[in-house]
Each structure stands twice: as C-alpha cells, then as structure tokens.
Amino acid sequence: MTDPVDAWRRLAGACVLLDGFHALKHAVRFGAEVPVAVTADRRAALALADELAPDVRGTLDALLAEVPPGTYASLVPRPHPTAVAALAVRPSRQANVRALTDTARRAPVVVLDEPRNLGNAGAVIRLAAGFGAAGVVTTGTLDPWHPTVVRGGAGLHFATAVERLTVDELPRGPLFALDPEGEDIRGLKLPDDAVLAFGSERSGLSAGLRVRADHLVALPMRPQVSSYNLATSVAMTLYHWSATGGAVPS
Ligand SMILES: C[S@@+](CC[C@H](N)C(=O)[O-])C[C@H]1O[C@@H](n2cnc3c(N)ncnc32)[C@H](O)[C@@H]1O
C-alpha cells in the first residue's frame, strides 16, 4: 500500500487541496477524484461523517489515512479545526469548457468579470453549486482554482464547472450584465440559458464585457447606496432566477 505522506508529497503540486472535512465531503459527493486523504484523528472524522454525511461515510472510511498531528500540520498551509485534508484531481479545462458550452444548458452560467477578491470568488462558486448553475467563469487574472478560492468554495468546485476564459470565449446564451444603471431585475424573467455577468469589486463591468452584453440589469437599491458586494449580487440574481421559475436541483 502506498504511504499517504509519500503520495501527498508526489501529488500536492498538481492537485487541488481540499482543506477540512466539509470540503472533502462535498468533493466526494460531487464525484471528485481524490487520490489521497489524511486526518490527524480518524475516529473524529468518521464521527463527523456519521453525523453530517452518512451518504459518503463508506467512501471517507476507505479514503482517510490517519497520520500523526505533526505530519498533518506539515502537509497543509494552516491546520483546519477538523484535522482533515485531501488532494483532488482538478477537472480538465476541456471538460469544463464542454460543460459550459453545452447548447442544451438548463441553468445559467455566472461570469465574474475580472474579480479581485479570492473570498468572493469562493462564495460565488458555493452559490452556483447551491442553485445548480451550469458553471462559474472568471475573466482576468484571478485563478478560480486558487487554494483560497477552493477553501471559500467549501469543495463545491466539483459540483459545477469552474474555468477562467476570455470575454471572447464566453459561453453562448443571452448575456445579462448586472449593473446599478440597468433595468430593474424585478420586471424580468432570466432565461435558463442566460449568461449572468458581474463586474469587479473595484471598477465594475469592463468595457469589453459591456460591449458584449444584451441587457444591463439592476438590483433594487436605494439611490444613496453605491453598490452591493459582488457575491451578494450573485446571490440575489440567482435567487431571482430560481424564484421566477428557474430550476433548482432536487
Ligand atoms: C462591488 S460592485 C462594483 C462596484 C464598483 N465600484 C463599480 O463602479 O461598479 C461589484 C458588482 O456587483 C454587481 N452589483 C452591485 N450592486 C449592484 C446593483 N445594485 N445592481 C446590479 N448589479 C450590482 C455589479 O455587477 C458590480 O459590477
């Protein structure tokens, strides 16, 4: 049997870090390939599985190797309270692009146009997973698979398609760009094949994205308030899509 620490050291550079029990649980639930998972306390981790994730308890039991606390701490940037960590294989760009460009899409794709904040990107991926969005695309320099984004996404990158693309490569579908100057969202029904674009925290929508937009859409907001946080804007928009008939998975 392969030593889990050797396997970790061999794979860490090429794989995605799943930091903590919940990230591992979500990744396993949504079909991630997990070549190695470690814990400093197997009994506690499996007790959490019994309590919170009986559906994947068997898989976690087979995956989790116990290592001494010091070894666990040496493998991760900062130890997680659950003392669980794993490495997952990042889905190929080709597979993500295929999912994002599926012409029979039944749910919107969320586009973050040149986002800056890694925490916001993680929160948006978590929202996209929860609402069953077809995927999350970022433009610009932020890597949506950065470890901090994966941490913020709680392992839910594996529940949707996450990829960085240029504006020219965006999936097809009517492009609704969110902007306080747009048309009130409350009078609109967002189609299931919509591409929903959100601007950067600092400067809003880029010129390139604005040119491509079919509609500018505003979230209700008092005039004295300049804007909402990026992730909360995505939350309101996906909620609006679902509340006006968009499918949320069972
Ligand atoms: C923090 S805001 C950007 C603020 C930025 N200073 C600006 O000039 O637009 C991030 C993004 O959230 C979305 N957003 C925030 N408030 C909104 C609102 N009231 N209506 C529509 N979109 C909004 C937009 O897509 C915006 O580009």
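How many bridges join β8 to β9, and do the two run parallel or antiparallel? Four, and the strands run parallel. The views below start from there. This is a predicted model, so to speak: local features need pLDDT of at least 70, side-chain atom pairs count only at pLDDT 80 or more, and totals for chains, interfaces and linings use all residues. Residue numbers start from 1 along each chain, following the sequence as written.

View 1. Helices (H or I, at least four residues) and strands (E, at least two) are DSSP runs, numbered from the N terminus. Two strands count as paired if DSSP finds at least two bridges between them. β9 covers residues 195-198, and A177 sits opposite A197 in that strand. β5 (residues 109-113) also pairs with β9, again in the parallel sense and over four bridges; here V111 has A197 as its bridge partner. Both faces of β9 are covered, with V195 and A197 buried on one side and L196 and F198 buried on the other. Buried here means 20 or more other C-beta atoms within 10 Å of the residue's own, exposed means 12 or fewer, and partly exposed is in between, with C-beta atoms placed from the backbone.

**View 2. The shell around the ligand.** A residue is near a molecule or strand if its C-beta atom, placed from the backbone, lies within 6 Å of it. There are 17 residues around the ligand, and L178, G199, G204, L219 and S233 come nearest. β8 (175-184) and α10 (230-243) each supply at least two residues of the shell, with β8 giving the most, three. By type, the shell divides into nine nonpolar, six polar and two charged residues.

**View 3. The four-stranded open sheet.** The strand order is β1-β4-β2-β3, with mixed pairing. β1 (16-19) and β3 (64-66) are the edge strands, each pairing on one side only. From one strand to the next, the twist averages 25°; axes are lines fitted to C-alpha atoms (for helices, over the stretch in contact), and angles run from 0 to 180 degrees between N-to-C directions. β1 and β4 (residues 84-88) run antiparallel, joined by four bridges, and L18 has A86 in β4 as its bridge partner.

**View 4. Helices on that sheet.** Contact means C-beta atoms, placed from the backbone, within 7 Å. Helix α1 (residues 4-11) lies across β2 (36-39), β3 and β4, at about 125° to β2. Helix α3 (residues 42-52) packs on the sheet too, touching β2, β3 and β4, and its direction makes about 150° with that of β3.

View 5. A83, in the loop between α5 (69-75) and β4, has a positive phi of about 55° although it is not a glycine. A83 counts as buried because it has 21 C-beta neighbours inside 10 Å. E114, in the loop between β5 and α7 (118-131), also has a positive phi of about 55° without being a glycine, and counts as buried with 20 C-beta neighbours inside 10 Å. T166 lies in the loop between β7 (161-164) and β8; T166 is exposed, because 10 other C-beta atoms lie within 10 Å.

Technical notes. Ala, Val, Leu, Ile, Met, Phe, Trp, Tyr, Cys and Pro count as nonpolar, Asp, Glu, Lys and Arg as charged, and the others, Gly among them, as polar. Two residues are in contact if their C-beta atoms, placed from the backbone, lie within 7 Å.
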